[in-house]
Amino acid sequence: MTLSVLGIRHHGPGSARALASALAELAPDIVLIEGPPEADALVALAAEDTMEPPVALLAYAVDDAARAAFWPFAVFSPEWQAIRYATAHGIPVRFCDLPAANQFAGGAKRSKRTDDPLGTLAELAGYDDAERWWDDVIEHGSHDEAPFAVIAEAMGALREDHDESDERERQREAYMRQTIRKARKDGFERIAVVCGAWHVPALVEPLPPAAHDQRILKGLPKRKVACTWVPWTHSRLATTSGYGAGITSPGWYHHLFTATDHVTARWLTDVARVLRAEDLPVSSAHVIEAVRLADTLAALRERAVAGLAEVTEATRAVLCGGDELQLDLVTRRLVVGERLGAVPPGTPQAPVAADLTAQARRLRLKRDPLERELDLDLRDTNGAEKSRLLHRLRILGIDWGVPALSARRSKGTFRETWALCWEPGFEVDLVAAGVHGTSVVAAATSVVRGRTTAESTLPEITGAIEDCLLADLADALPDALTALDTRAAADADATALMGALPPLARAARYGDVRGTDTGALTAVSERILTRVCAGLPRAAHGIDDQAAEELCKLVDGVHEATGLLGDAAAGQWLDALGTVAARDTAPPLLAGRVTRLLHDADRVATEEVAIRLARELTAGVAPQAAAAFIEGFFAGGALLLVHDDTLLAVIDRWLADIAADQFTQVLPLLRRTFGAFAPPERRVIGERAAGRTNRTTASADFDETRAVAALPVLARLLGVGR
């Protein structure tokens, strides 16, 4: 019996090549691979042509999908090459790590340890790239021993002074040894073990007594676990994704493993292709010069071939012209990359995940790791169904699509724009959604119903109703409307009702567009509006500045909502605003805002507005209060000041009459108001105000001597010279 323990670097292309050669030479009759034993039954799927890495084994606790873990594999991962070798030669494969059932049960204490011991050796040797170290020291080094013997010796030296108190690591290695013993007991003669290099010293002959490992593993808690294959991406293999065994350049490693010749030239050609796709000028001459520079740098550094450092420097200097933004684009698109793998159609899936796969295939929604825009016409059956599916997924917390602004800038309610981007982590979310139902629509319906309980607030209920209509959850809508009616009738807080109304108005509009009967929703909205109109004057009485600011936002929301509910609702709302404006108890900010809304609706004439402004801006009113009134009034824009001389004159006179010691107190409010105007509006207002000043002072006495004396100071302040 022979036992060959092959220590590898996770996701190392050099390690993967060496492993493939070693397995071909050893010709084992069983291969044991570091990974969850629950996945043994899934190995056969890796042999199918439709399985395309990067992929990952997903294991999750059946009773709590949040307890999940991934074991990713790229084409350049040694473990993947071991699986492919074994399946191609009809050799059994078993995973030999501690079962996920034990790992998810918890309880073991862990200590900090590097996840890339070979990377540690590379760093100690002065290398910034572990792949370069592997090529220089392991594959092209002067030693006569096989690479894996050298690795075993190096790991033994690293572990001599290592603290072995990591309980989980001891359990993992004990289970690995037990798996080796079982393979021997089952009659296998030539056993190959593929594991992280760190574990090699613990698995080589002679193994400790079986009783030793049995004591370590005795009584470990277990949890029921399910396992499957899922697509993965290169970016999720990267260190920046938070993956513990991550690498910095998965796209580069893929190139190293798959390119059979002219590695540097092929890579820099791909770089040029990425830059040209962004309309950047890169010629064939640029590529030739970049290849020459990379090879020269490698020669100067006494390296056999150019590595990532050399090709990156050549890219920066020649292809990007020193532009770091262009280099960052190359890093994201190529060095890291966004390659998305695929799994065979027969791969086991959770019910909700299987339902989503079927719907996405029917609607031709492709899972893409790169963000892309999807513009939907809700009048089209296919567009409406895509919209419903994406909204249902958002209810489940799966943001495959996020609402976005359309490049077409269409304001029609029949159009939606989404930003689509698939994340492999959504697979876990789909499993977790299974506690709510066996399909996407059933799970979303259950989630919405859970948001419309007796304890739910009005905003929560109205948000749920809006989701019902957007996602077409007809079964959940009646219960949500009943909860809304009950809650609204019992809630005496006008501000809470005001916050609830805008989502209802939007929901009614979406319902109309999507062909949903919104009669009940409109009736509830009208009852809420009636209560809002009755309670608004009381809500506006005697409140402080902060409350006034919040109430202004609510008023704006209701004002927009009533425009969606029809003329009768808009008229009722304007009557309520008129009641607030007629009283002197509203704070200045709110009074100004209400006056502006009434003026825009032709309920208050321009002459009346001028009178009210003049009254608010008299000397008897504190400048801060007057400024608050102006802020509320002009929050709707500056066109009135641009076109109305009367209002401009009132504001101009008030500003000129503010005392110097009070002007600094008013200035922040004025800046907040006028700073919100568009630059062209501010320019026109300034020009018209200057024109008024010139007309006013044209006939006044003018002291030229005093004016000339001030010019040097003004010139210095403005920086224009004397």
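**Exercise 1. Determine the strand order of the open sheet of four strands and the direction of its pairing.**

Solution. The open sheet has the strand order 1-6-2-5, with parallel pairing. Strands (E, at least two residues) and helices (H or I, at least four residues) are DSSP runs, numbered from the N terminus, and two strands pair if DSSP finds at least two bridges between them. The edges are formed by strand 1 (2–8) and strand 5 (93–95), each of which pairs on one side only. From one strand to the next, the twist averages 20°.

The model is predicted: local features require pLDDT of at least 70 and side-chain atom pairs pLDDT 80 or more, while totals for chains, interfaces and linings use all residues. Residues are numbered from 1 along each chain as its sequence is written, and side-chain values use heavy atoms, leaving out hydrogens and water.

**Exercise 2. Describe how strand 1 is joined to strand 6, and state which helix packs on the sheet.**

Solution. Strand 1 and strand 6 (residues 190–196) run parallel and are joined by seven bridges. Within this pair, Ser4 stands opposite Ala192 in strand 6. Helix 2 (residues 78–88) packs on the sheet and touches strand 1, strand 2 (30–33), strand 5 and strand 6; contact means heavy atoms within 4.5 Å. The direction of helix 2 makes about 155° with that of strand 2. Axes are lines fitted to C-alpha atoms, for helices over the stretch in contact, and angles run from 0 to 180 degrees between N-to-C directions.

**Exercise 3. Characterise the packing of helix 17 with helix 20.**

Solution. Two packed helices are described by the angle and the distance between their axes. The axes of helix 17 (residues 381–395) and helix 20 (residues 458–471) come within 8 Å and cross at roughly 145°. On the side of helix 17, Arg388, His391, Arg392 and Ile395 take part, meeting Asp467, Leu470 and Ala471 in helix 20.

**Exercise 4. Decide whether Thr445 is buried or exposed, and list its surroundings.**

Solution. Thr445 belongs to helix 19 (residues 440–450). Thr445 is buried because its relative accessibility is 9%; buried means under 20% relative accessible area, exposed over 50%, and partly exposed in between (1.4 Å probe, protein chains only). A polar atom of its side chain lies 2.8 Å from the backbone oxygen of Val441. Not counting residues up to four places away in sequence, Thr445 touches Leu473, Asp475 and Ala476.

How values were computed: Polar contact = N/O pair within 3.5 Å; in protein donor to acceptor, adjacent residues only side chain to side chain.
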